[in-house]
Amino acid sequence: MERIPADGFDTSRFEASRNRLASLAYRLLGSAADAEDAVQDAFLHWQAADRQRIKVPEAWLTKVVTNLCLDRLRSAQARRERTAGAWLPEPLLDGDPMLGPADTFVQRESVSLAVLTLMERLSPLERAVYVLREAFSYSHAEIAGILDIGESASQQHLHRARRRVTAERRRGADEVDPASARKVVEEFLAAASSGRTDRLVALLTDDATAISDGAGLAAKLLRFDTAERIATVARAGFTPSPAKRRLAGGTPSVHYAVVNGGPAVLFVVDDRVVGSVTFDLAYGRIATVRGIAAPARLARLTEAWRRHEPEEPLVARW
């Protein structure tokens, strides 16, 4: 049998952990591009390390990636970007390996756009403990070793993180039957296209919110906090026009999709996703609408879409 060179074997060990590490980094950073950078930096650390002294490579790599992500979250540039009102989690198409693990409701919820947004309000350490414990089931002893803190500190961080996420998570925002979620979104699209504001308002919760990057052009996120205002903006936003088609680079088709575990509609031109509108549901109605059109935040979604076999579009030519 041909002997695998040490470097080849070590590279294979790293690659075997790549998806898990990327999933961890994505939950910590909320950005697929930043997560990929963190994992690549970890690979450089792995190559430079004395690997003979690393007893448990998976644990060593988890510690390196977690701390690289914490460095990013603590950096002055990241704080400016995330507090400037222009940050949203990067959406990922259903089936993307960065969304794993997804065996339990808590694991799936930890990568939802709603929880990724809520985690922005946690400190970097609270966020790390929450992700390691809730999404990856690490013990407090293991988390203490990864973060160089005591077990009691890990427990305290988790308690604070759970309390804040639970307190701010919308009531009724449990897992939704996929068929029911699709029906609500299709009704929303039909109502927005019809121009009837009253039909849109009826589909929204009383405390609904909408967040948009202004077709990718706004310096700060646009926020709308009443059902009537959201309905007006949605009616205008979902009405096609020559100017919107020029901005999109063509005439989009509109597709239903599952993004970060939740319902969404994607605007697609020539296999390129030019807009993503995602929905959080509560008690069968729409609680949050997020619109993203900045190309940098749709790059990985576009790559996944090109490998995807889509259903017939909801709207063939928008």
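The side chains of Glu134 and Arg162 come together in a salt bridge, with N and O 2.9 Å apart. A salt bridge here means a side-chain nitrogen of Lys or Arg within 4 Å of a carboxyl oxygen of Asp or Glu. Glu134 belongs to helix α7 (residues 124-135) and Arg162 to helix α9 (residues 151-168), so the pair ties together parts that are 28 residues apart in sequence. Helices (H or I, at least four residues) and strands (E, at least two) are DSSP runs, numbered from the N terminus.

Before we go on, note that this is a predicted model: local features need pLDDT of at least 70, side-chain atom pairs count only at pLDDT 80 or more, and totals for chains, interfaces and linings use all residues. Residues are numbered from 1 along each chain as its sequence is written, and side-chain values use heavy atoms, with hydrogens and water left out.

Buried means under 20% relative accessible area, exposed means over 50%, and partly exposed lies in between (1.4 Å probe, protein chains only).

Now let us visit other salt bridges; the structure holds 15 of them. Arg127 meets Glu120 in one of these, at 2.5 Å from N to O. Arg127 is buried, with a relative accessible area of 2%, whereas Glu120 is partly exposed at 24%. Another salt bridge joins Glu311 and Arg182, whose closest N and O atoms are 2.8 Å apart. This pair links distant parts of the chain, with Glu311 in the segment after α14 (299-306) and Arg182 in helix α10 (residues 178-194), 129 residues apart. Glu311 is exposed, at 52% relative accessible area, and Arg182 is partly exposed, at 23%. There is also a network of salt bridges, which links Glu36, Asp96 and Arg300.

Next comes the sheet. In what order do its 6 strands stand? Follow them as β2-β1-β6-β5-β4-β3, an open sheet with mixed pairing. Two strands pair if DSSP finds at least two bridges between them. At the edges are β2 and β3 (253-259), each with a single partner strand, so one side of each is left without a neighbour in the sheet. From one strand to the next, the twist averages 20 degrees.

β1 runs parallel to strand β6 (residues 285-292), and 5 bridges join the two. Here you can find Ile211 opposite Arg290 of β6. With strand β2 (residues 222-224), β1 pairs in the antiparallel sense over 3 bridges. Ser212 has Leu222 of β2 as its bridge partner, and Ala210 has Phe224 of β2.

Finally, look at the helices against this sheet. Helix α10 packs on the sheet and touches β1, β3, β4 (262-269), β5 (272-282) and β6, with its direction at about 145 degrees to that of β3. Contact means heavy atoms within 4.5 Å. Helix α14 packs on the sheet too, touching β3, β4 and β5, and its direction makes about 100 degrees with that of β5. Axes are lines fitted to C-alpha atoms, for helices over the stretch in contact, and angles run from 0 to 180 degrees between N-to-C directions.
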